[in-house]
Amino acid sequence: MNSVRLMNISFMIISFMLLSLVEFNFGQGISPSAPPPSNDGTTIDQGIAYILLLVALAITYLVH
């Protein structure tokens with residue numbers, strides 16, 4: 001009988017904790033999404049770096 005009472009109390013505590021988490025979820029509405037990041041030239045620089053890397057790899061392959 002004691003174990004049933006312990007399980008009942010633990011179930012009540014876990015239920016209360018989950019219920020409080022669900023209630024906290026309603027506190028803030030959906031915020032508007034952020035605008036996409038603008039192109040600041042880093043993607044172009046990264047593309048050039050990849051092309052130079054492939055050229056260096058091809059030259060190394062042809063030399064060996």
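A: The answer below begins with the patch and then turns to the rest of the chain. In this predicted model, a nonpolar patch on the surface is formed by Ile9, Ile13, Phe16 and Met17. Together these four side chains belong to residues with about 420 Å² of accessible area. Phe16, one of the patch residues, is located in helix α1, which covers residues 2-25. With a relative accessible area of 59%, Phe16 counts as exposed, because the cut-off for that class is over 50%. As background, residues three or four places apart in an α-helix point the same way, because there are 3.6 residues a turn.

The wider chain gives the setting. Its secondary structure consists of two helices and zero strands. Of its 64 residues, 0% are buried. The accessible surface of the chain is about 6600 Å², and carbon and sulfur atoms account for 73% of that surface.

From first C-alpha to last, α2 reaches 31 Å, close to the 32 Å expected at 1.5 Å a residue.

Terms used: Residues are numbered from 1 along each chain as its sequence is written. This is a predicted model: local features need pLDDT of at least 70, side-chain atom pairs count only at pLDDT 80 or more; totals for chains, interfaces and linings use all residues. Side-chain values use heavy atoms; hydrogens and water are left out. Helices (H or I, at least four residues) and strands (E, at least two) are DSSP runs, numbered from the N terminus. The expected span of a helix is 1.5 Å times one less than its number of residues. Patches are made of residues with over 30% relative accessible area and no salt bridge: like charges are joined within 9 Å, nonpolar side chains (Val, Leu, Ile, Met, Phe, Trp, Tyr) within 5 Å. Accessible areas come from the Shrake-Rupley method with a 1.4 Å probe; for residues, only the protein chains shown count as cover. Buried means under 20% relative accessible area, exposed over 50%, partly exposed in between (1.4 Å probe, protein chains only).
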